[in-house]
Amino acid sequence: MTLLVGAFSLTDTPPETALCDALAAALSRHPDDVPLTYRDSRVFLAKVDIDAYRHHALISDNDGVVSMLAGDAILTHHSGDPVSKKERHRTADLTHLHRAWRSHADSEPWSLARGTFAAMQYHQERGTLRLVTDALGVRPLYVVKQEGVVIVASALRILEAAIPLTMDLGGIVEELLYGYPLADRTAYAGVRCLNPAEILDITVDGERRQQWFDWEAITPLDPVPDSYPEQIHAAFLAAVGRRAGEDRMARAFLSGGLDSRCIVTALSALKIAVRTHTFAWENSLDRLLSAQYADALGIDHQGRSSPEGLTGEEIPMLVRTLLDTEPEEQPAPDRPNLIWSGDGGSVGCGHVYLTPEIVEASRRNDLPGIITGWRKRHPASLPRKAFTDPFWQRIASWPEQGLLRTLTEISPRSNDRRFYLFLLFNDQRRHLTYHHEHIDRVRLEFLLPFFDPDFLRLWAALPMDAALGHRYYHRWLDCFPSVIKEIPWQDYSFAGHLPCPLPLPEEGRLQWAQGDASRDRAFRRKDLEKAARLMAMKPFPTSLFRKNRLRIAQVLTRWGIRDYRYLFRMTDTISRYWQRCEGRMEGPE
């Protein structure tokens with residue numbers, strides 16, 4: 001399964017046909033996708049699969065016991081589990097989980113899961129709908145209750161298309177400032193995104209929440225064994241191996257950084273042929289270094305230039321288009337709709353965004369100090385003068401309140417890990433949200449070994465002082481073949497992390513470089529288009545924005561006198577939610 005949707009009635013009346021039809025119609029926008037459905041007097045379930053894994057993930061018994069999965073659970077060995085790679089696939093895994101669901105309702109079988117996935121299970125006799133997310137909740141499930149029906153979807157756009165929604169101003173403010181709503185909040189009131197490793201059982205009598213994996217319970221290492229880098233490396237090779245399965249030919253993204261390099265090197269060590277792909281600006285270090293490393297490793301590589309000023313919303317479809325234009329004479333990957341990606345490495349292993357000041361504040365349990373330290377590195381604020389006074393009064397205090405509330409809910413065994421777990425539960429959990437929103441169009445599944453819980457838990461157990469700034473990451477590199485350190489890589493030395501010991505090519509442009517004129521012009525043009533779109537809105541959201549102030553900012557930016565593009569990005573986001581919700585809003589509370 002790639003996309004899931006469901007409706008569970010809390011009354012004696014089945015979910016309305018119109019609702020079920022709307023959910024099924026919104027499930028996929030691809031013309032070739034036909035949803036498979038299950039329906040009885042209590043529940044409606046539907047799924048679409050792009051067949052990336054070559055094995056189905058839907059089991060439906062005649063007596064109303066159903067299991068369906070998006071992504072791949074990747075179970076570790078269990079009683080009766082075939083041990084060969086040939087026999088380990090997601091249908092076999094789901095069969096094990098389904099049999100356990102038939103006979104009992106505990107969470108133990110899910111503790112075997114190592115993949116990124118979202119699951120729905122239904123048991124007619126018990127009258128229970130079960131929802132499950134992976135260890136970090138990277139594969140989302142959204143849940144909302146409306147008019148006696150619990151509605152579930154694996155993409156927020158499905159709910160947007162199928163049911164009326166109301167703005168959650170707290171979630172929207174967090175999205176504006178941090179790039180994502182915090183904890184289980186979303187941009188819509190009453191719509192929650194399931195937490196990491198959450199099991200939610202829904203019946204007419206209420207809900208029961210469990211966690212099948214507890215990140216906060218990980219015991220800190222003291223001292224760290226000398227052999228720990230080798231333990232980490234063994235866990236990484238296992239994470240790559242269990243995702244590779246029988247594959248002998250694969251595709252992978254390769255950038256100018258370390259994370260994707262580690263994956264490609266591991267695949268080569270496992271004797272898996274790999275073709276790498278880079279999509280980046282012309283003369284960027286991503287293009288230059290990835291080509292150099294692929295050549296050093298002796299693997300086939302394709303580097304493609306991406307247009308200047310490309311936004312995050314435009315990149316996925318461009319990647320899909322470029323992958324589809326591979327030369328026909330090249331051997332096809334064993335599973336063409338799967339591609340390896342290094343997402344998760346920089347935060348989970350490199351400890352990006354963490355600083356000694358933040359760790360020390362965490363150690364003192366000084367939550368305001370954590371927030372102060374984070375804002376020094378990531379300053380962001382709401383544009384006060386753009387908002388009307390009533391609207392500003394509603395949202396002004398929420399940035400601090402929302403952060404404090406979210407940090408308070410995290411209780412690790414060692415306080416110095418609090419912000420590290422905050423980043424895993426929020427930044428990393430929402431990291432691929434856009435991809436999963438548009439997976440029906442992009443039609444690619446990512447293989448993500450950096451999110452493997454057996455691997456990531458080893459990093460979560462490290463003392464923060466030893467791991468900050470890519471320090472332990474560099475120790476881990478010593479476990480790879482020496483070629484991994486023979487080609488320079490892009491680093492985070494600008495943020496105080498360990499630098500690459502090799503000189504970077506002088507002609508290359510750094511991935512995070514500021515002030516590139518051509519890129520800046522492209523982004524400026526798009527931001528001014530957002531401003532023009534907002535000013536032309538009918539009706540204009542006068543309850544939210546001061547139109548005269550926005551018009552002045554638009555003119556000053558167009559003439560190059562001042563730069564108010566940040567303002568246009570924020571107001572564009574709010575106005576799109578306002579239009580979609582027809583002005584309905586709640587919170588913050």
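Colleague: Which residues of helix 8 are called buried, and what makes them so?
Modeller: In this predicted model, helix 8 spans residues 315-323, and its buried residues are Pro316, Val319, Arg320, Leu322 and Leu323. Buried means under 20% relative accessible area, so each of these five falls below that cut-off.

Colleague: How do you know that they line one face of the helix?
Modeller: Look down the axis of helix 8. Its buried residues fall within an arc of 165°, so they line one face. An α-helix has 3.6 residues a turn, so residues three or four places apart point the same way.

Colleague: What do the buried residues of helix 8 pack against?
Modeller: Both strands and helices. The strands are strand 14 (249-253), strand 15 (273-280), strand 16 (300-305) and strand 17 (338-340). The helices are helix 15 (433-437) and helix 16 (439-442). Contact here means heavy atoms within 4.5 Å.

Colleague: How many helices and strands does the chain have?
Modeller: There are 22 helices and 19 strands.

Colleague: Why is the chain called as compact as a globular protein of its length?
Modeller: Its radius of gyration is 24 Å. The globule rule gives 25 Å for 589 residues. The two are close, so the description holds. The C-alpha atoms fill a box of roughly 65 × 65 × 55 Å along the principal axes.

Colleague: What share of the chain counts as buried?
Modeller: Of the 589 residues, 59% do. The chain still exposes about 24000 Å², with carbon and sulfur atoms supplying 50% of that area.

Colleague: What share of the contacts joins residues at least 24 apart?
Modeller: Among contacts between residues at least 6 apart in sequence, 72% do.

Methods: Residues numbered from 1 in each chain as written. Predicted model: local features only at pLDDT ≥ 70, side-chain atom pairs only at ≥ 80, totals over all residues. Heavy atoms only, no water. Helix = DSSP H or I, 4+ residues; strand = E, 2+ residues; numbered from the N terminus. Rg over C-alpha atoms; globule rule 2.2 N^0.38 Å. Buried < 20%, exposed > 50% of the residue type's maximum accessible area, 1.4 Å probe, protein only. Areas by Shrake-Rupley, 256 points an atom, 1.4 Å probe, with all protein chains shown as cover. Arc of directions from axis to C-beta.
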